[in-house]
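The sequence and the structure come next.

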Amino acid sequence: MEDTGGAPRLLVAGRRDGCGIEVRAVDHVPTLRFSGRTPAMALYESEEFQRPDPVRTAETVTAGFVLCYECDGLGWCHECGGRGWRPDATHGRVKCPACHRRRVCVICRGAAQLAVSDLSTYQRGYYPELDR
Ligand SMILES: [Zn+2]
Ligand SMILES: [Zn+2]
């Protein structure tokens with residue numbers, strides 16, 4: 001927008017039920033500025049979050065695989081339950097600190113299970129039964 005240095009002049013203002021609207025203009029600029037204000041309100045109906053069912057369980061894990069030690073077969077991020085965000089008192093929603101909006105488990109990437117043959121020595125430490 002072209003800046004003539006003039007402050008916007010208030011042309012019209014209205015208020016009703018806690019809402020307000022203002023229309024401003026700057027001299028010699030062919031543009032109107034509209035601004036509005038509403039009371040703070042929730043943009044989403046808050047509803048109880050249903051955590052997803054696990055992708056794999058001890059009964060459905062593929063032969064040669066073990067349930068992921070991080071999510072225990074959930075497949076989704078264990079922190080946010082697959083939403084990618086978590087509620088925050090100040091900001092409403094904040095990015096999930098565990099998956100950074102990837103939504104799936106960072107270890108198995110959603111597969112919920114890991115191939116025994118691909119496990120590192122460190123990872124095998126989570127499955128003492130493998131070395132028996
Ligand atoms: Zn997450
Ligand atoms: Zn996992």
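Strand 2 and strand 3 (residues 32–37) run antiparallel and are joined by six bridges. Strands here are DSSP runs of E with at least two residues, numbered from the N terminus, and two strands pair if DSSP finds at least two bridges between them. The model is predicted: local features need pLDDT of at least 70, side-chain atom pairs count only at pLDDT 80 or more, and totals for chains, interfaces and linings use all residues. Residues are numbered from 1 along each chain as its sequence is written, while chains are lettered from A and ligands numbered from 1 in the order in which they are written.

Strand 2 (residues 19–25) also pairs with strand 1 (residues 9–16), in the antiparallel sense and over seven bridges.

| Hairpin | Residues between strands | Positive phi |
|---|---|---|
| Strand 1 and strand 2 | two residues | Asp-17, about 50° |
| Strand 2 and strand 3 | six residues | His-28, near 70° |

The domain assignment, which is automatic or from a database, gives domain 1 (7–40) and domain 2 (65–131). Their C-alpha centres lie 49 Å apart.

Which residues other than its neighbours within four places in sequence is Cys-68 in contact with (C-beta atoms, placed from the backbone, within 7 Å)? They are Gly-73, Cys-105, Ile-107, Cys-108, Ala-112, Gln-113 and Leu-114.

Methods. Contact = placed C-beta atoms within 7 Å. Helix = DSSP H or I, 4+ residues; strand = E, 2+ residues; numbered from the N terminus.
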